[in-house]
Amino acid sequence: MTLLAHAWILLPAVLLAGGLIGATGIGGVLLVPVLTRFGEVPPPQAIAAASLAFALPALVALRPLAREPALARRTVPLLAGALAGAAGGALLAQALPARVLLGGVTALVLFAGVRGFMARDRHADAAPLLPAPVLAGLGLLVGIGSALTGTGGPVLLLPLLMLCRQRVDFAVIAAQAVQLPVALTSSAVHAAAHRLDWDLAAVCGVLMLVGSLAGQRLARGLDRQRLQRFVSGLLLLVGAWFVSLLFA
C-alpha cells in the first residue's frame with residue numbers, strides 16, 4: 001500500500017484533512033492531491049479510495065443531526081439529491097476533463113469566500129430556508145461534481161449554501177453529512193470497476209474520522225460570526241490552491 005511508504009507526510013496530512021472536515025466541513029479536498037502527489041497513487045485509484053474514506057468522517061455529522069430533528073429534516077432533500085448525483089458522477093469520472101471542472105469549482109470557491117468576508121453577520125439569518133426541490137437540486141449537482149473530483153461534497157456544497165445566505169452552522173453540518181451518500185454511492189461504482197483500494201480507503205477513513213472528531217470539538221468554541229469568517233478564509237485558501245493547480 002503506497003500510503004505506508006510515505007507515512008511521514010501522508011498520515012499527518014490525512015489527519016489534518018479530517019480535522020478541517022470536522023471544524024468547517026471542508027478538508028476532504030486535500031485528500032486526492034495528497035495521495036496523487038506524495039503517495040504516487042494513480043488519480044483514478046486516489047479518487048476511488050477518497051470516495052469511500054469520506055464515509056467515516058461523515059458519521060460525525062450524524063451526532064448534531066440526531067440532537068436536532070428539525071435540522072436533520074432540512075438535510076434530507078440535499079442528501080437524496082447527492083445520492084442520485086454521485087452515481088452519475090462516478091460513471092462520468094473517466095469521460096469528462098477534470099481541468100474544466102476544477103476551473104468552475106475554483107471560481108465558485110473563491111467567489112463564496114470573498115462574499116463571506118464582505119457579508120455582515122446579521123445577513124446570516126436573513127435568507128429563508130430554501131425549498132426542498134432547490135435543496136435536492138443542489139444536492140444533485142454536488143453529488144455529480146464530488147464524484148467526478150473525489151472531493152467528498154463539502155467543498156462544493158458549503159460555498160453554494162453560503163452564496164444562498166443559509167445559516168453557516170446549518171451549512172457546515174449539511175456539508176459534513178453530504179459526504180455519506182456521496183461516499184457510499186460513488187465508491188460502489190468504483191468498486192464495481194475494480195478501481196477501489198480497500199486498505200488505502202480504510203486507513204484514510206479512520207484517520208479522517210479521528211481528525212474530524214477533534215475538529216468538531218474545537219469548532220464548538222466559535223460563535224457564528226467567527227465561524228463564518230474562518231470558513232470564508234479557508235475557502236479563499238482552497239481557491240488559491242486550486243488556481244495553482246490549474247496553472248501548474
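1. The chain contains 14 helices and zero strands, where helices (H or I, at least four residues) and strands (E, at least two) are DSSP runs numbered from the N terminus. Read from the N terminus on, the order of elements is α-α-α-α-α-α-α-α-α-α-α-α-α-α.

2. The model is predicted: local features need pLDDT of at least 70 and side-chain atom pairs count only at pLDDT 80 or more, whereas totals for chains, interfaces and linings use all residues. Residues are numbered from 1 along each chain as its sequence is written, and side-chain values use heavy atoms, with hydrogens and water left out.

3. On confidence, the chain averages a pLDDT of 80, and 88% of the residues score at least 70; pLDDT is the predictor's confidence in each residue, from 0 to 100. The lowest confidence in the chain falls in helix α1 (residues 2–5), with a mean of 55, and the highest in α13, at 89.

4. Of the 248 residues of the chain, 52% count as buried. Buried means under 20% relative accessible area, exposed over 50%, and partly exposed in between (1.4 Å probe, protein chains only).

5. Helix α13 (residues 198–219) has 22 residues and should span 32 Å at 1.5 Å a residue; its end C-alpha atoms are 31 Å apart, which agrees. The expected span is 1.5 Å times one less than the number of residues.

6. The buried residues of α13 include Leu200, Ala201, Cys204, Gly205, Leu207, Met208, Gly211 and Ser212. An α-helix has 3.6 residues a turn, so residues three or four places apart point the same way. Ser212, in α13, is buried because its relative accessible area is 1%. Leaving aside residues up to four places away in sequence, Ser212 touches Gly18, Gly19, Ile21, Gly22, Pro57 and Val60.

7. Pro33 lies in helix α3 (residues 31–37) and counts as buried at 13% relative accessibility. Not counting residues up to four places away in sequence, Pro33 touches Phe38 and Trp241. The C-alpha atoms of Pro33 and Ile47, 14 residues apart along the chain, are separated by 9.4 Å.

8. The structure holds one aromatic pair. The ring centres of Trp241 and Phe242 are 6.1 Å apart and the planes lie at 35°, so the pair is tilted. Rings of Phe, Tyr and Trp (its six-membered ring) pair if their centres lie within 6.5 Å; planes under 30 degrees apart count as stacked, over 60 as edge-to-face and the rest as tilted. Trp241 is partly exposed, at a relative accessible area of 25%, whereas Phe242 is buried at 4%.

9. The charged end of Arg74 sits over the ring of Phe170, 4.0 Å from its centre. The criterion is NZ of Lys or CZ of Arg within 6 Å of the ring centre and within 35 degrees of the ring normal.

Methods. Contact = heavy atoms within 4.5 Å.
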